[in-house]
Amino acid sequence: MSWDKPVALAAPEFFFELEMKRLAAELQPGIKAVAPPVNEQFDVDYAKQTATADLADFQDALQTKRIAPPDAEAARAAHEARRNNMGAEDGAPLPAEFPSEFADYHEGAAGYKEGEPDKARAAWTRLLDRPAAERHYRTVWAAYMLGRIAIDAKDWEEATAAFGRAREAVIDGFADTPGLASASLGWEAFAHLEQRNFSTAARLYLEQLATGDLGAVHSLKAVLISIFGEDADLTKLAHDPVLQRLATAGVVAEIGPFAGELYSPETEDNLGKKWLKAIEAVDVKQVRDADRLAWAAYARGSFDTARRWLTRSDAANPYTLWLRAKFALREGNVPVAAKLLGEAVRKVPPIKELETRPINAYNTLADAALKADFGLTRLHRGEFTSALQLFLDAGRIKDAFYVADAVLTIEELKKFIEQGYPLKPQALEAPKATEEPNLAESEGLGVDPTSWYDLAERPGVALREMLGRRLVRLERLAEARPYFAGEAGKHLEEYTALLVRAKDAKQAKALRAAAFWEAAQLMREYGNFLADYYDPVTMANRTTRRRIGASESSDYALEQGEPDPTLIALSGAEQERVKKHSRPRLRRYYSQYLAADLAWRGAALMPDNEEQTAVVLNTAGSWLKIGDTDAADRFYQAIERRCSKTTLGREAIKRHWFVPIARAEEEAEASNEPQEDAEKTATESTQPTSSIQSEKAE
């Protein structure tokens with residue numbers, strides 16, 4: 001699920017486990033599963049479960065006098081010896097068991113383990129022939145195992161009959177300590193799955209889940225995958241009442257054959273859209289879960305389809321209310337959306353954890369997504385700080401950081417941080433241990449702005465650094481320093497000292513120029529941690545309501561594409577703030593332009609027709625030439641105008657563009673500069689950049 005997309009687009013995540021539990025809750029199988037223990041490797045330990053149940057049943061039989069051996073302790077010892085040595089060969093003779101249903105069962109179990117199904121079948125059949133009063137504990141066990149023998153023989157009809165007898169025995173009051181009746185539903189479903197009786201198999205697995213056996217969730221996924229094989233008849237599936245609901249759950253949960261579809265919702269031939277078309281052709285009275293179908297269509301960008309399914313949904317259903325609110329928000333009707341969301345939030349229970357899989361920061365949980373939508377209503381009403389808090393509570397990092405970086409004023413953000421994420425006297429929110437430290441952590445630069453997971457895990461650090469970056473962009477450097485931790489703070493201190501020296505009119509021009517140039521190179525190297533916007537693409541996306549992408553020839557450009565129908569219009573106050581906070585111009589990598597501007601200011605203090613002046617202009621222009629040729633052109637024009645008599649300048653004019661850095665180094669070395677200065681120039685102009693910076697674009 002696209003957890004990091006803006007809230008206006010995001011649909012809540014539907015989990016297959018919860019969808020299956022919802023369907024199973026309508027069934028009442030009359031039996032319950034027993035959760036088996038797990039071993040040290042966290043695998044289900046069925047052997048231990050069976051042994052524990054066997055011994056517990058025997059003890060209960062002794063206490064209730066259902067069996068009455070002349071020597072209870074000797075009978076117990078013989079029972080345990082047989083249990084512990086089931087199927088053992090060449091061992092010491094085992095003591096004879098007291099004749100009972102337990103002894104009959106053990107005899108059959110030994111035959112089964114020894115690969116003698118006829119021997120096992122005879123013993124278990126003899127057990128079932130006992131009077132009902134003499135087989136209270138092992139009737140279910142024997143019937144279940146006869147079904148297992150039939151499964152091994154692929155005698156599906158006999159397996160179905162045997163498993164049915166096992167469940168009937170439980171309903172009749174026979175003991176089922178290990179929960180075999182529940183397991184029998186799964187095995188019977190398996191028999192039907194093998195015969196491609198998918199509808200019956202799915203219904204039985206749902207019954208198994210209704211007993212509390214979570215293994216049925218994985219089995220139902222297997223059925224879902226099976227029914228959408230190469231020969232799948234969508235029309236036929238849509239008309240089957242059980243498979244219809246199973247398929248709809250798969251579509252909305254984006255699982256099995258529908259996995260990954262929401263990353264390319266515009267694809268018309270994806271299976272989810274095909275399913276939506278197929279099921280729309282079914283008589284509306286025969287379709288369940290219309291609210292889920294509406295959400296499945298919405299998540300895939302099929303808004304007209306989603307609206308049609310909404311008209312068929314239960315008006316009081318919380319997911320119906322919620323999606324109606326989504327459409328109201330898209331239409332700019334915030335009061336209606338707020339009312340609908342208020343009704344929905346009371347009906348959607350919080351999701352804390354799943355039993356079949358973990359929940360992580362990439363999941364968009366229903367209750368959290370509702371908070372995010374509430375945040376959107378607050379954003380439209382101008383309650384910006386409240387919206388930020390709701391987005392953070394919901395784990396909607398892109399939305400939260402959009403508000404923090406683009407909407408809140410500096411003072412509002414500073415107050416928010418002081419109240420919720422105050423500066424600590426020692427370490428600032430130490431990084432969490434990870435198996436693979438990200439680039440930022442390894443360099444002591446705080447959070448990695450390219451990792452949304454890192455930002456979600458440590459929002460306090462990110463918000464402080466975001467405030468620091470905003471202050472750096474405004475050149476309020478002393479105010480910015482407390483909000484940077486580790487190496488980033490040290491780089492800011494160095495950068496601040498360089499700018500103080502560069503702006504000091506009492507200093508010689510050469511010293512000031514050198515300070516500007518050094519500051520430019522520092523910003524070029526570390527600007528992605530010191531000055532860049534956190535998410536300029538979302539800022540541009542929201543202000544223009546258009547899709548934002550990079551040019552084929554330029555990675556830097558924030559190019560406006562087609563209108564984005566998934567985004568709602570910004571309120572006037574929000575639009576005004578975003579424009580103000582993205583001045584003088586919103587850049588994808590603002591720090592690269594800032595570095596180039598610093599180099600420009602330094603070059604302005606340098607003499608014309610000197611090799612170092614040409615080197616500075618050529619290098620700074622080269623920083624931008626791949627990303628933004630228009631921005632780079634002023635540097636080339638300056639080379640033509642000011643450095644035409646230098647070796648590097650002549651080479652640039654000959655090329656009608658910048659000299660490649662390596663070539664520029666050669667020209668500098670061959671110039672009349674002192675060798676020491678030439679080496680310094682070459683070193684400065686070729687400083688390495690991080691892997692993040694090497695991929696930068698506007």
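## Helix α24, covered along its length

Helix α24 is mostly covered in this predicted model: 15 of its 15 residues are buried, where buried means under 20% relative accessible area, exposed means over 50%, and partly exposed lies in between (1.4 Å probe, protein chains only). Helices here are DSSP runs of H or I with at least four residues, strands are runs of E with at least two, and both are numbered from the N terminus. α24 takes in residues 459-473 and reaches 21 Å from its first C-alpha to its last, close to the 21 Å expected at 1.5 Å a residue. That expected span is 1.5 Å times one less than the number of residues in the helix. Just after α24 comes E475, with a positive phi of about 60°.

## How the model is read

This is a predicted model, in which local features need pLDDT of at least 70 and side-chain atom pairs count only at pLDDT 80 or more, while totals for chains, interfaces and linings use all residues. Residues are numbered from 1 along each chain as its sequence is written, and side-chain values use heavy atoms, with hydrogens and water left out.

## The chain as a whole

The protein chain holds 35 helices and two strands. It has 698 residues, and 53% of them count as buried.

A contact means heavy atoms within 4.5 Å. Among contacts in the protein chain with a separation of 6 or more, 65% are between residues 24 or more positions apart.

How many of the 14 residues of α6 are buried? The count is twelve, so this helix is mostly covered. Among the buried ones are W141, Y144, M145 and I149. The buried residues of α6 pack against α2 (46-63), α3 (72-84), α4 (101-113), α5 (117-128), α7 (156-171) and α8 (180-194).

The length of α6 (residues 139-152) also fits: its 14 residues should span 20 Å at 1.5 Å a residue, and the end C-alpha atoms are 20 Å apart. K154 follows α6 and has a positive phi, near 60°.

## The nonpolar cores

A nonpolar core is a set of buried Ala, Val, Leu, Ile, Met, Phe, Trp, Tyr and Cys residues joined through side-chain atoms within 4.5 Å. The largest one has 194 residues, of which F16, L246, W275 and Y495 touch the most other members. Its largest share, ten residues, comes from α6. A second, separate core of eight residues includes F58, L62, A75 and Y137.

Leaving aside neighbours within four places in sequence, F16 is in contact with residues including V217, L220, L224, L246 and I255.

## E17, a buried glutamate

E17 is found in helix α1 (residues 16-24). Is E17 buried or exposed? E17 counts as buried because its relative accessibility is 3%. Its side chain reaches the backbone nitrogen of E355 at 3.1 Å. Beyond neighbours within four places in sequence, E17 is in contact with V217, L354, E355, T356 and R357.

## Loop residues worth a look

R196 is in the loop between α8 and α9 (198-210) and is partly exposed, with a relative accessible area of 49%. E254 is in the loop between α12 (241-253) and α13 (271-280) and is buried, at 10%.

L586 is in the loop between α29 (572-581) and α30 (590-604), and is buried with a relative accessible area of 16%. The C-alpha atoms of L586 and Y533 are separated by 8.4 Å, although these residues are 53 apart along the chain.

pLDDT is the predictor's confidence in each residue, from 0 to 100. The mean for the protein chain is 85, and 84% of its residues reach 70 or more. Confidence is highest in α6, at 98, and lowest in helix α22 (residues 439-442), at a mean of 36.

Over residues 38-42 the pLDDT stays under 50, and the model has four contacts there beyond four places in sequence. Residues 425-446 are also below 50, with 48 contacts in the model beyond near neighbours in sequence. Where pLDDT is low, the predicted coordinates should not be read in detail.

Methods: Polar contact = N/O pair within 3.5 Å; in protein donor to acceptor, adjacent residues only side chain to side chain.
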